[in-house]
Amino acid sequence: MAKLHVWHRYVGITAAFFVIILSVTGLALNFNEQLRLDTTPIDNNWLLNHYSIGLFPVTSFEVDSKIVSKASDFVYINGQYAITHTDKLVGAIIVDDTLVLATSGNLLLFDQENELIDEIGKLTGLPEKPLGISLTQNGEPVLRGVNTYWKGSHSLDSWQPLEGPHPKWIAPIETPDNINAVIQEHARSNEINLERVMLDLHSGRLFGGWGENIMSISAILLIFLSITGIIIWSRKKPSGH
């Protein structure tokens, strides 16, 4: 009986640490909505490296005083997050104080405060998906299609095949180091959220296969504690009257 007490005590001490992890993470996941775990990004470099989230390729275009960039599914203006967009960024121009971003699927229009004000696609008048964008000498937008170049109105609501010389197409630039650093920090942190980390910690997956084995062993230890606790309690002699 004494040996059972000793085993019960040591197993309890060993299991306590893992029970705390399971309990805390389980509670957190139960209150996921209130704690906003699914919308809280992770910016810890150790965790990002642990999940093999490396640096993203960044495509940037410079237009006037603005640098427009795309990394992962995020669009940035001067290094500041603007919108989430999955299509490839292929160019940028400014038409009548409106910043126009050309992607492989549509045009994105931003005001002077870098707020998205409109999207133009094939269903809303765009003649075809853009491969590039530029301006004529008169400041009119020119869209590069697969087989045709299209000249648009300043309002971007009508297009016709371009006649005359082709413009110089806007080419990507090398992203400045300071802007690239800000973009990488944002893009990497938004690849994983706190809910995913809590789930992996709860299951042990955060530490790979051996982590899952440890959590499985912890569950076995809890069963052992329950059984030995019942045995110890049942063998206790009732106090005399």
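The largest nonpolar core holds 16 residues, and Tyr51 and Ile192 have the most contacts inside it. Helix H3 (45-50), strand S2 (66-71), strand S3 (74-77) and helix H4 (177-189) each give two or more residues to this core; H4 gives the most, with three residues. A nonpolar core is a set of buried Ala, Val, Leu, Ile, Met, Phe, Trp, Tyr and Cys residues joined through side-chain atoms within 4.5 Å, where buried means under 20% relative accessible area (1.4 Å probe, protein chains only). Helices (H or I, at least four residues) and strands (E, at least two) are DSSP runs, numbered from the N terminus.

This is a predicted model: local features need pLDDT of at least 70, side-chain atom pairs count only at pLDDT 80 or more, and totals for chains, interfaces and linings use all residues. Residues are numbered from 1 along each chain as its sequence is written, and side-chain values use heavy atoms, with hydrogens and water left out.

Leaving aside residues up to four places away in sequence, Tyr51 touches Ile192, Arg196, Val197, Asp200 and Leu206 (contact: heavy atoms within 4.5 Å).

In H4, the buried residues are Ile179, Ile183, Gln184, Ala187, Arg188 and Ser189. Their cover includes H3, strand S1 (58-63), S2 and S3.

| Core | Residues | Among them |
|---|---|---|
| Largest nonpolar core | 16 residues | Tyr51, Ile192 |
| Another core, apart from it | 14 residues | Val90, Leu109, Leu126, Ile133 |

Note on methods
Buried < 20%, exposed > 50% of the residue type's maximum accessible area, 1.4 Å probe, protein only.
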